[in-house]
Structure formats: C-alpha cells, structure tokens
Amino acid sequence: MENVLNIVIAVGIMVALAVIFAFVLILCGHLFVVKRDKKIEEVQNLLAGSNCGGCGKAGCAQFAESLVKGESVVTDCNPTSVANKKKIADLLGGGEVGEETVAVVFCNGGDAAIDKFSYQGYGDCIACNSVSGGIKACPTGCIGKKSCVNVCPHDALIMNDEGYAHVIKDKCTSCGVCIETCPKIIIGRIPKKAPVYIACSLHCKGKEVKDLCTHGCIACNICVRSCPNQAITMENDLPVIDYTKCTGCMTCVQKCPTKCIKVHE
Amino acid sequence: MNFMSIISILFTAIISQNIVLSRTLGICPYLGVSKKISSATGMGFAVLFVLTISSIFCWGIYNLILVPLHITYLDTMAFILVIAGLVQLIEIVIKKVSPTLHSALGVYLPLITTNCAILGGVNTTVTANALSFLETFITCVGTGFGFLLAIVILACVRVKADNVPAPKAFKGFPLTLISAGIIALAFAGFAGVLA
C-alpha cells in the first residue's frame with residue numbers, strides 16, 4: 001500500500017508541476033503577446049527568399065521588417081523579380097522598383113594577363129591580393145582564385161578555361177555578394193536585357209595595356225566609331241555602353257581588335 | 001559565508017572545475033556555436049542567464065517540495081521541467097519587455113532549453129546537500145561564467161585557426177577538437193589550487 005502511495009505522490013507532484021508551468025506559460029503568452037504587423041509577412045512572402053544578405057540585412061525576414069518600417073527601399077534587394085517588387089511597392093504605398101539586373105565580371109584577362117610573380121601562398125583572391133595586390137600585373141585583372149565562386153549562394157559563378165571568373169546569366173539573381181567580395185572590385189551589375197558588355201576595367205591607353213594583358217581594352221575608339229546607334233562613348237580610356245540605345249547588333253563585338261567586348265550570355 | 005569562501009567558490013566554478021573543460025558538460029553548444037566570437041558571446045551569456053535564474057527556482061523546488069516529500073530521486077525530471085518551462089517563459093517575457101535583449105539572446109534561448117550544461121550545472125549543485133541557497137546561487141553564476149569563458153576562448157582560437165594553412169585532414173572539426181583539448185589541458189593546470 002505504501003508503495004502505491006509513493007507512486008501516486010511522485011506522479012501527482014510531477015503532474016502538478018507540469019500543470020502549473022503550463023498555466024503560467026499560457027498566461028504569459030496572453031499577457032506578453034507581441035503584435036506583429038501583418039504586412040511584414042505579406043512582404044516576406046513576395047521577396048525572393050534566398051537569404052543572400054545582399055541588402056545588408058541578416059535575411060529576408062529582417063529585410064521585410066525594415067521595408068515595412070520604411071528603413072529600407074525595395075531596390076536594395078536584387079533577387080526579387082520586378083513584378084513582385086511592384087506588388088511590394090503597392091502594398092507599402094509606392095516607390096521605385098528599378099529594373100532587373102545581373103552581375104558580370106568586367107575582365108576577360110585570365111591567362112592572357114601577365115603575372116607579376118609566382119604565388120605559392122595559401123587561399124583565395126582575398127589572401128593573394130594582400131600580397132602586393134595579387135599576382136596579376138594588371139591592377140584590375142581577375143586574380144582567378146575563386147573568392148567570388150566560393151561565396152556565390154546560387155552557384156552562378158564559375159572559373160572558366162581561360163582563367164577568369166564568369167557569371168552564368170540564368171543562375172545569377174544579382175544579389176551582390178560577389179560584388180562585395182571581389183578584392184579587385186571588377187564585378188558589377190548590368191541590366192538583364194543588355195546584349196553586350198565591356199569585359200575590361202583598365203583605364204589605360206594602348207601600349208600600357210598591351211604590356212599587361214593581350215585581352216585588355218586599348219581605348220582604340222573603333223567600337224565608338226563603328227556603333228550604328230551611337231550607344232558607345234569613351235570615358236577615361238574605357239568605353240561605356242548606353243543600354244537604352246544598344247540594339248544588340250553585335251557590330252562592336254566583331255570590330256573590337258582585342259575581343260574584349262563580350263556577348264552577354 | 002565570508003568573502004574568501006565566495007572567492008574560492010567562484011574560482012572553483014569558473015576555472016578549476018570548469019563545466020566544459022573539466023566536467024565535459026555542454027560540449028554540443030561548445031563546439032557548435034563557437035565559430036564566431038559574437039555568437040559565442042551570445043551563447044555564453046544565454047547560458048549564464050538561464051543557469052542563474054534556474055538555479056534559484058530549482059533550489060526552491062528541490063528543498064521545498066522534493067526533500068520534504070522524500071522524492072529526491074525525481075530531481076532530474078523536476079529540473080528539466082523547471083528549466084524548459086523557465087526558458088520558454090523568459091523568452092516570452094523578454095520578447096515583449098526588451099526586444100534588444102531578445103535579438104541578442106533570442107536565437108540561443110531555445111537551443112538551451114534542455115542543454116546538459118545547464119541541467120548538469122544545476123543538478124550537481126542543488127542536489128549537493130551541503131550548500132546553502134547563497135552558495136548554490138554563487139556556484140551557478142560561476143559555472144555560467146566558466147562556460148562563457150571557455151566558449152569565448154575557443155571561438156578566439158577557432159577564428160585564428162580558420163586562417164592557417166593546415167593539412168586538409170585537420171581542417172574544421174579536427175582542429176577545433178585539438179584546440180579544445182589543449183585549452184582543457186591548460187585549465188587542468190589549475191586543478192588543486194584551491195582544493
């Protein structure tokens with residue numbers, strides 16, 4: 001009989017404790033309920049949800065919260081489609097939505113760019129760049145040690161056979177993680193519709209470029225003159241394409257003597 | 001309860017009987033959340049916070065309910081109930097009262113609802129009958145600080161160790177475990193200082 005009583009006491013005390021805790025939790029749950037703006041959830045459902053961190057926030061949930069609070073603008077996010085951005089803008093009462101962009105590497109040097117020294121060290125581009133600006137003689141040349149490939153959350157960057165990084169257009173969401181990672185700052189954004197881009201970032205003239213890289217832009221002005229739509233201008237010894245005028249006729253791609261105007265694909 | 005005994009309790013709890021490095025409790029968060037110094041600090045403070053508060057409640061429940069009814073064999077079960085309930089309660093309350101504290105500790109609180117560092121720390125301290133309430137409290141605070149110290153030291157070592165050209169087989173967890181072992185060895189040097 002005493003044994004039974006022991007069991008009853010033990011079980012009873014445990015159940016009583018559990019019930020007390022349950023009631024205290026329920027009570028506190030009601031007392032301390034935190035009201036969350038319903039808009040935040042709606043906005044978060046419209047965002048791309050890749051949690052890439054390109055906007056500078058810890059993730060899409062935090063970005064949605066700061067959007068609703070008005071601390072961020074929807075253009076800070078690139079992976080979200082323009083259609084969804086419009087919906088978010090409508091939800092929050094207007095605002096710019098921008099156009100769809102993709103990241104692109106403004107360099108096609110790779111093996112064609114001359115090495116300053118032989119790097120035997122450890123690690124990626126960031127480590128290599130800390131040793132007198134990396135192995136490439138060209139100050140804006142792709143080092144080719146995969147820093148951008150490693151950070152891309154969407155596997156959109158590859159190291160191609162010629163030794164420089166390349167963005168796969170279909171996979172890129174333009175989140176901007178690679179742009180912030182590249183120690184040479186030669187990754188940028190262009191409109192998704194852009195047919196061509198200048199695959200060189202070196203602001204130098206002919207012979208200086210030739211000494212560094214055989215694929216660099218030598219500022220010969222042939223593209224500027226040959227473009228039938230006057231979409232290309234030369235600024236600081238590097239051509240700039242006005243994508244509102246470019247029709248994708250590919251004249252510049254064919255005429256460029258160093259083949260540093262690339263078809264965007 | 002004089003000043004010297006407080007010092008000796010704190011020294012024992014933080015250094016010579018460190019919860020992780022000497023008693024090998026709480027290894028899971030110790031290895032899991034020590035990649036970055038900031039998250040290690042957050043986890044350390046969350047453990048300290050919960051350990052301190054749960055020691056008060058567990059001491060009360062043990063000495064006012066379990067001991068008079070002679071059911072002290074239920075201590076582990078009662079403590080896990082108290083700690084899990086308490087962590088949930090704390091999370092609900094600080095979410096409302098202090099959003100800043102919640103964003104700093106919030107991620108780590110659910111992780112330690114049934115953490116062995118907390119349960120082990122509370123269990124061994126509270127069920128040691130020789131300790132008064134104040135001594136139990138100080139021991140638990142010291143244990144929490146011990147965990148904080150251990151995890152921050154490991155995080156500092158790991159941040160450095162990530163950037164060394166180690167052989168591939170040593171990269172990541174092997175190197176972490178070796179670092180943890182060396183830190184534990186260093187702490188073992190304090191054993192017996194205030195025996």
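In what order do the elements of chain B run from the N terminus on? They run α-α-α-α-α-α-α-α, and the legends below take this view by view.

This is a predicted model, in which local features need pLDDT of at least 70, side-chain atom pairs count only at pLDDT 80 or more, and totals for chains, interfaces and linings use all residues. Residues are numbered from 1 along each chain as its sequence is written, chains are lettered from A and ligands numbered from 1 in the order in which they are written, and side-chain values use heavy atoms, with hydrogens and water left out.

**View 1. Chain B is built from helices, with zero strands.** Eight helices make up its elements; helices (H or I, at least four residues) and strands (E, at least two) are DSSP runs, numbered from the N terminus. Of the 195 residues in chain B, 44% count as buried. Here buried means under 20% relative accessible area, exposed means over 50%, and partly exposed lies in between (1.4 Å probe, protein chains only). Among contacts (heavy atoms within 4.5 Å) in chain B between residues at least 6 apart in sequence, 77% join residues at least 24 apart.

**View 2. Chain A meets chain B.** On this contact, chain A brings 16 residues and chain B brings 23 residues. Together the two chains bury about 1600 Å², 87% of it on carbon and sulfur atoms; buried area is the accessible area (1.4 Å probe) that two parts lose on being put together, summed over both. By class, the side of chain A that touches chain B has 14 nonpolar, two polar and no charged residues. In this grouping, Ala, Val, Leu, Ile, Met, Phe, Trp, Tyr, Cys and Pro count as nonpolar, Asp, Glu, Lys and Arg as charged, and the others, Gly among them, as polar.

**View 3. Helix α4 of chain A has a buried side.** In this helix (residues 82-92), Val82(A), Lys85(A), Ile88(A) and Ala89(A) are buried. Seen down the axis of α4(A), the buried residues fall within an arc of 115°, so they line one face of the helix; the arc is that of the directions from the helix axis to the C-beta atoms. What covers them includes α2 (38-46) and α3 (60-69) of chain A. Just after the helix, Gly93(A) takes a positive phi of about 85°.

**View 4. Glu65(A) and Lys69(A) meet in a salt bridge.** Their side chains come to 3.6 Å, N to O. The two residues are four apart in helix α3 of chain A, and about one helical turn separates them. Glu65(A) is partly exposed at 30% relative accessibility, while Lys69(A) is exposed at 57%.

**View 5. Lys205(A) and Asp237(A) form a salt bridge of 2.7 Å, N to O.** This pair links distant parts of the chain, 32 residues apart. Lys205(A) sits in the loop between β5 (196-198) and α8 (206-212) of chain A, and Asp237(A) in the loop between β6 (232-235) and β7 (238-241). Lys205(A) is partly exposed, with a relative accessible area of 47%.

Notes
A salt bridge is a side-chain nitrogen of Lys or Arg within 4 Å of a carboxyl oxygen of Asp or Glu.
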